[in-house]
Amino acid sequence: MDLRTLDTYFPEGTVLRVDDVSVNLDPQRLHKFLQVAKSKYPLIQILLAVSPMVFNMPKWEPKNQDKHERVFPAILNAKSDHRVYFEIEKIGIPDWLEGIVSEFDCTLATHGLIHVDHRLLSRDLQEMSIITSASLANTKIFVPPFNKYNSDTVSICKEQNIKLVRWEDGWTHLGFHSFQDNGNKYYVHLHDHPGEKLISLL
Ligand SMILES: [Zn+2]
């Protein structure tokens, strides 16, 4: 597979990408974050990567409310069998998503049906995850979970006319670099920045 012919999503201008957008997210926090971002930097583009199938986080982290916006428990990262990611407990596209998208002129992406490293899935399973989740989120852009993908991902996206977001193109993690409207592409997980810490990123 010649990666140079791949249709990737890497637009001109500054992009602020929010990953793990799910029914677990606090919509008020997301709303405030995007409101501050758009008022400070009116020209930036916002990309929301949607995760339709997630874990019931209060069950996993009853004493840690800061973790309730996650889409899967961090402990799963330590497990050797990727099928633990299949044991999701909640399904849905957030009912507040449409309002946020139109208010802040966001672009939607899918983040896969399940938040699992797609390199560990067979081609058929990857195909199902990418196509169904893209259809649910009504998008033609795929942000691979953990930024991990393989040649099957590339060929599925090509066949389906879906643009792949590749970390290697130059996406910057907002937890390690401060945000500037300088043409760079940034991505962030809201659960990494609880409470008011989130707003201080901007
Ligand atoms: Zn993610």
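Predicted model: local features only at pLDDT ≥ 70, side-chain atom pairs only at ≥ 80, totals over all residues.
Two residues are in contact if their C-beta atoms, placed from the backbone, lie within 7 Å.

Numbering starts from 1 along each chain as its sequence is written.

Overview next. The chain has five helices and nine strands. Both are DSSP runs numbered from the N terminus: helices are H or I with at least four residues, strands are E with at least two. The order along the sequence is β-α-β-β-α-β-α-β-α-β-α-β-β-β.

Now the contacts. Of those in the chain with a separation of 6 or more, 74% join residues 24 or more positions apart. The C-alpha trace spans about 40 × 40 × 30 Å along its principal axes.

Now the helix pair. Helix α4 covers residues 123-137, and helix α5 covers residues 151-160. Their axes come within 10 Å and cross at roughly 45 degrees. Axes here are lines fitted to C-alpha atoms, for helices over the stretch in contact, with angles from 0 to 180 degrees between N-to-C directions.

Who meets whom? From α4, Arg123, Gln126, Glu127, Ile130 and Ile131 meet Asp152, Thr153, Ile156, Cys157 and Gln160 in α5. By class, that contact has four nonpolar, three polar and three charged residues. Nonpolar means Ala, Val, Leu, Ile, Met, Phe, Trp, Tyr, Cys and Pro; charged means Asp, Glu, Lys and Arg; the others, Gly among them, are polar.
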